[in-house]
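Open the model in your viewer and keep the selection tool at hand. This tour goes stop by stop.

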Amino acid sequence: MKLLGIVGSLRAGSYNAQLMTAAAGTLPAGVELGVYDGLRAIPPFDEQRDATSAPPAAEAFKRAIAEAEGILFATPEYNGSIPGQLKNALDWASVPFEHNVLRNKPAAVLGTSTGMFGAVWAQADLRKVLGLIGARVLDRDTPVPLAEMSFASGALDSELLEAVTATVIDLVAMVNERARALTA
Amino acid sequence: MSLTEQSVPTGTWQLDPVHSKAAFAVRHSGIATFRGHFNDVSAELADGTLTGAVDVASVEVPIAQLRGHLLAPDFFDVEQHPQITFSASDIALDTQRTSSSGTGGERATVRGELTLRGVTKPLEATGTIAGPATYLDGNERIAIALETVVNRHDFGVSWNAPLPSGGNALGDDVTITVDLELVRPASDTA
């Protein structure tokens, strides 16, 4: 099984990139996670340049989603919501709307922030956006609060790692369930 | 057979899809009613059993974005549940009253099962059964008009959004209406 990891932060060494790395360490056997690293290159969404003329960076993003069986997000929270660059990329991925690459795609959301709440607003917004686009979204946030402290030792404590693992396992189960439903 | 004889029409009656419709209505923004319908409807009344289905992909609403959202896992989840189906063998006519709608027919209560998003629940719908009438093509047809209300959460259709003024964007109860014209082929004169 092939999963795609998308990190909402562009910052080098971001806590959410570390969270994605932690998630990659929890994968069951037979599951691969490739992390998308081209978010910075995607230009602003222009509705007139949709499916027929999307810029190469946006096309690459859409292709990476299309080739994955499930998507795992790790998002920071900027001003109470998801980063503009992540939303921008998702807007590109959402067209053509009725047949976009995220439609029916299993997706799950993680998030970490330096505050007490672990980017829960951003995660809720991201799940809302993904649902509107048509993804099959795991109905749960996975907040990792106090990022500076949580990642200080280079590894999450067992309780947080357990929550991340549960989300990864549930995402894998959603992918398997979808595959079974489509072949039934 | 005529409904003046106060019984459910026998034989096999097949849908005229051009003159039939399956629609839904739900409270929107707490104060209004939003309506949509399905273009691809199939139905049959055969030996007293009414069956019907709609293709979820044929849902019709004003804009593509909303249509896409309705087809998504947030709502009907067309990928995994491409049809909504209904089946009822318990069709009771109220022989004491005729319809007050002006279109004639007997008031009817139909009890069966609705399957939506993979969930099957018992359902009771009320309305009218009218006819037969002979149409321009010489074939007989009947009209069945039914309405029922379901709680969409019972079928796992639970998307919502909170309103700034309180409450939610969508109501829980959904009114489902079907207006069916069913034709008996000339060869089926049972």
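**Stop 1: a helix in chain A**

Select Leu160(A), Val164(A), Thr167(A), Val168(A), Leu171(A), Val172(A), Met174(A) and Val175(A). These are the buried residues of helix H6(A). Buried means that 20 or more other C-beta atoms lie within 10 Å of the residue's own; 12 or fewer make it exposed, anything in between partly exposed, and C-beta atoms are placed from the backbone. Helices (H or I, at least four residues) and strands (E, at least two) are DSSP runs, numbered from the N terminus.

Before going on, note that this is a predicted model, in which local features need pLDDT of at least 70 and side-chain atom pairs count only at pLDDT 80 or more, while totals for chains, interfaces and linings use all residues. Residues are numbered from 1 along each chain as its sequence is written, and chains are lettered from A and ligands numbered from 1 in the order in which they are written.

Now show the whole of H6(A). The helix has 26 residues and reaches 37 Å from its first C-alpha to its last. That is close to the expected 38 Å, where the expected span is 1.5 Å times one less than the number of residues. Next, display what covers its buried residues: the cover includes H1, E3, E4, strand E5 (136-137), strand E6 (143-144) and helix H5 (147-150) of chain A.

**Stop 2: the largest nonpolar core**

Which residues touch the most other members of the largest nonpolar core? Select Ile71(A), Leu72(A) and Phe73(A); they do, in a core of 53 residues. A nonpolar core is a set of buried Ala, Val, Leu, Ile, Met, Phe, Trp, Tyr and Cys residues joined through C-beta atoms within 7 Å. Elements of chain A that each supply at least two residues of this core include strand E1 (2-7), helix H2 (56-67), strand E3 (70-75) and helix H6 (158-183). The largest share, 7 residues, comes from H6(A).

Zoom in on Phe73(A). Leaving aside neighbours within four places in sequence, Phe73(A) is in contact with Ile6(A), Gly8(A), Ala107(A), Val109(A), Leu110(A) and Leu126(A). Contact means that the C-beta atoms of two residues, placed from the backbone, lie within 7 Å.

**Stop 3: chain B as a whole**

Switch to chain B. Chain B has 1 helix and 11 strands. Along the sequence they follow the pattern β-β-β-β-β-β-α-β-β-β-β-β. Buried residues make up 32% of its 190 residues.

Colour by pLDDT, the predictor's confidence in each residue, from 0 to 100. Chain B averages 90, and 89% of the residues score at least 70.

**Stop 4: a hairpin**

Select residues 21-28 and 32-38 of chain B. These are strands E2(B) and E3(B), which run antiparallel and are joined by 7 bridges. Strands pair if DSSP finds at least two bridges between them. E2(B) and E3(B) form a hairpin with 3 residues between them. In the turn, Ser29(B) has a positive phi of about 55 degrees. Ala25(B) stands opposite Arg35(B).

E3(B) also pairs with E6(B), in the antiparallel sense over 2 bridges. There, His37(B) has Glu60(B) as its bridge partner.

**Stop 5: two buried residues in chain B**

Centre on Gly171(B), in strand E11 (residues 170-184). Gly171(B) is buried because 20 other C-beta atoms lie within 10 Å. Beyond four places in sequence, it is in contact with Val26(B) and Arg27(B). Its C-alpha lies 9.7 Å from that of Ala25(B), 146 residues apart along the chain.

Move to Ile91(B), in strand E7(B). With 21 C-beta neighbours inside 10 Å, Ile91(B) counts as buried. Not counting residues up to four places away, Ile91(B) touches Val8(B), Gly48(B), Leu50(B), Ala108(B) and Val110(B).

**Stop 6: where the chains meet**

Show both chains. The contact takes 11 residues from chain B and 9 residues from chain A. The chain B side divides into 4 nonpolar, 4 polar and 3 charged. Here Ala, Val, Leu, Ile, Met, Phe, Trp, Tyr, Cys and Pro count as nonpolar, Asp, Glu, Lys and Arg as charged, and the others, Gly among them, as polar.

Finish on helix H1(B), residues 64-71. Its buried residues are Gly68(B), His69(B), Leu70(B) and Leu71(B). They pack against helix H4 (120-133) of chain A together with strand E6 (59-60) of chain B. For the complex, the predictor gives an ipTM of 0.79 and a pTM of 0.84.
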